[in-house]
Amino acid sequence: MDHPPAIFIADALGLDFLNSVATPVDTPVDWIRDGEGLLNWLEQAQLVPPDTLKRIKADALPGEIDNVADQARSLREWFRDFVRAHKGRPLSAKDVVELKPLNRLLERDDAFSRIIASSVKGDKPLQFETVRRWKAPEALLLPIGEALAKFVCTEDFSQVKACEGPTCTLLFADHTRGHGRRWCSMAVCGNRAKQAAHRQRMQNAHS
């Protein structure tokens with residue numbers, strides 16, 4: 001990869017997907033700008049097993065995964081519009097109408113459940129798991145859609161926030177006890193804000 005690792009600071013995978021395009025320093029970075037980027041992001045997000053990604057990449061036709069990346073970016077910007085329109089207040093049942101495109105994606109899933117031997121020693125020798133059939137590269141969109149759907153159904157949208165950094169585009173779910181989180185990261189935007197405030201105080205003191 002010719003750019004830094006993807007950003008996972010949102011405390012919600014659905015928002016981490018939106019943050020897959022961002023300006024971490026000065027230059028915008030799109031971690032899913034092409035098929036290779038999509039595969040890397042999915043692996044970093046732990047949404048698809050690495051061996052599955054390798055197999056899909058090996059079996060794909062030329063340009064096929066790039067096309068899926070195009071679809072992923074379109075999904076990302078559609079969902080960004082939804083989040084921006086609704087963040088800061090709880091969702092209501094009527095908002096499901098706006099989520100039809102996401103439901104159409106979820107309807108394409110080809111998954112099944114099964115019982116397997118537990119990989120962890122303990123009281124329960126058997127475990128229940130859900131397995132996805134990866135029939136085509138477009139199936140790579142399904143775990144993303146599932147993450148977005150879980151986010152919509154479980155997250156309190158009144159605590160979905162945008163970082164207050166003046167040039168930052170990152171979103172996050174505020175899970176702090178007092179819901180006072182303001183920054184994507186105290187080490188980045190929070191520190192910049194403190195430095196800017198310090199410079200302003202120094203200027204005021206000498207003016």
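Tutor: A salt bridge here is a side-chain nitrogen of Lys or Arg within 4 Å of a carboxyl oxygen of Asp or Glu. Please note that the model is a predicted one.

Student: Which residues are linked in a network of salt bridges?

Tutor: The network joins Asp30, Arg76, Glu77 and Arg80.

Student: What does Lys57 form a salt bridge with?

Tutor: Its partner is Glu36, with the closest N and O atoms 3.0 Å apart. This pair links distant parts of the chain: Lys57 lies in helix H3 (residues 50-59) and Glu36 in helix H2 (residues 35-44), 21 residues apart. Lys57 is partly exposed at a relative accessible area of 43%, and Glu36 is partly exposed at 38%.

Student: Turning to Arg132, does it count as buried or exposed?

Tutor: Arg132 has 15% relative accessibility, so it counts as buried, the cut-off being under 20%. Its side chain meets that of Asp109 in a salt bridge of 2.8 Å, N to O. Arg132 belongs to strand S4 (residues 126-132), whereas Asp109 sits in the loop between helix H5 (100-106) and strand S3 (111-117). Asp109 is partly exposed, at 28%.

Student: Which side chain meets Arg114 in a salt bridge?

Tutor: That of Glu129, at 2.8 Å from N to O. Arg114 is in strand S3 and Glu129 in strand S4, 15 residues apart. Arg114 counts as partly exposed at 38% relative accessibility, and Glu129 counts as partly exposed at 22%.

Methods
Residues numbered from 1 in each chain as written. Predicted model: local features only at pLDDT ≥ 70, side-chain atom pairs only at ≥ 80, totals over all residues. Heavy atoms only, no water. Helix = DSSP H or I, 4+ residues; strand = E, 2+ residues; numbered from the N terminus. Buried < 20%, exposed > 50% of the residue type's maximum accessible area, 1.4 Å probe, protein only.
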